[in-house]
Amino acid sequence: MGTVKRQPWVVGVSGASGTPYAASVIRALLAAGEPVDLIVSRAARLTILDETGISFRDAHWRADLAAWLGTDEGLDDVRYWSAGDFAAGPSSGSYPAKGMLVVPATTGAVAGIALGLSKDLLQRVASVTLKERRPLVVCVRETPLNGVTLKHLVELDVQGAVVLPASPGFYAGGSTVRELVDFVAGRVLDAVGVPHSLYLRWEGELGAAARQGGGNGSVSAEGE
C-alpha cells in the first residue's frame, strides 16, 4: 500500500501514412512527464521505414525509437509491447493505463476497433480502453472516406472514443510541415488534457499568428 503505480498513456501506431504525427505525440508526452506504453503494428513498421528510412525492430526498439524521435531523452519512461503479444500488460483492463492514443489510425484499425475484432495487440488494447471507459483518441489518416469507414467512425463516437482526423489548422500560422504536424499532435493531446506548447492557440485576435512571425509561436517538444 502507498506505492504510486506507473500510469502510462498507450500510444498505438498503425500502418497509415503519417508516422510524424505519432513521433510528435510521443515526444510531447515525454516532455510533459507522461510515461508511454508503445505499440507499433507490423504494417506501421513498413510505413516508418518508408517515411523515415528507419527500421523498427522488437529486439532493438529503444535505439530505433531514439532514431525515429530524433532524441533519446525521456526513453526511460517508455515501455514497448510487440503487436503480436496478446499477453502484454495493456491487454488487460486491470493494467493501470490512463487511456490510449491511436496515431495515425488506418481505416482497417478503425474498423477493427469499432467492431471489437482484436486482430492484434493495438486493436485489443483499444477495445479494453473502451470497455474500461478510459479516454481513446483515434487519429484517422485517410482521404477520401467511404461510407463504411464513416459508419465505423460514428460507431467509435457512440462508444465514447474521440474521432480526430489528422487535419491541420492554419490559424496558428504554421508554415512548415513540422509545424502542421505539431498542430495535429497538439490537438490529440488537447483531447486528453495533456499540457503542451506545440502550437499557437487561437485567442480571438485576427492576424495574431502572422504578427508573431508565422508558426514561430509554436514550440516543439524538442525545444526547436
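The structure holds 9 salt bridges, a salt bridge being a side-chain nitrogen of Lys or Arg within 4 Å of a carboxyl oxygen of Asp or Glu. Before I turn to individual pairs, please note that this is a predicted model, in which local features need pLDDT of at least 70 and side-chain atom pairs count only at pLDDT 80 or more, while totals for chains, interfaces and linings use all residues. Residues are numbered from 1 along each chain as its sequence is written, and side-chain values use heavy atoms, with hydrogens and water left out.

Let me begin with Glu132 and Lys131, whose side chains meet in a salt bridge at 2.7 Å, N to O. Glu132 has 32% relative accessibility and counts as partly exposed; Lys131, at 47%, is partly exposed. For these classes, buried means under 20% relative accessible area, exposed means over 50%, and partly exposed lies in between, with a 1.4 Å probe and protein chains only.

I now move to helix H7, residues 177–191. Helices here are DSSP runs of H or I with at least four residues, numbered from the N terminus. Arg178 is partly exposed at 26%, whereas Asp182 is buried at 3%.

Which residue forms a salt bridge with Asp190? The partner is Arg201, with the closest N and O atoms 2.8 Å apart. Asp190 lies in helix H7 and Arg201 in the loop between H7 and helix H8 (208–211), so this pair ties together parts that are 11 residues apart in sequence. Asp190 is partly exposed, with a relative accessible area of 23%, and Arg201 is partly exposed, at 41%. Arg187 joins Asp190 and Arg201 in a network of salt bridges.

I turn next to the nonpolar cores. A nonpolar core is a set of buried Ala, Val, Leu, Ile, Met, Phe, Trp, Tyr and Cys residues joined through side-chain atoms within 4.5 Å. The largest has 40 residues, and those with the most contacts inside it are Leu29, Leu38, Phe56, Leu65, Trp68 and Leu101. Helix H1 (residues 19–31) supplies the largest share of this core, 8 residues.

What does Leu38 touch, leaving aside residues up to four places away in sequence? With contact meaning heavy atoms within 4.5 Å, its partners include Val11, Val13, Ile26, Phe56, Leu65 and Trp81. A second, separate core of 24 residues includes Trp81, Val138, Val140 and Ala161.

How values were computed: Helices (H or I, at least four residues) and strands (E, at least two) are DSSP runs, numbered from the N terminus.
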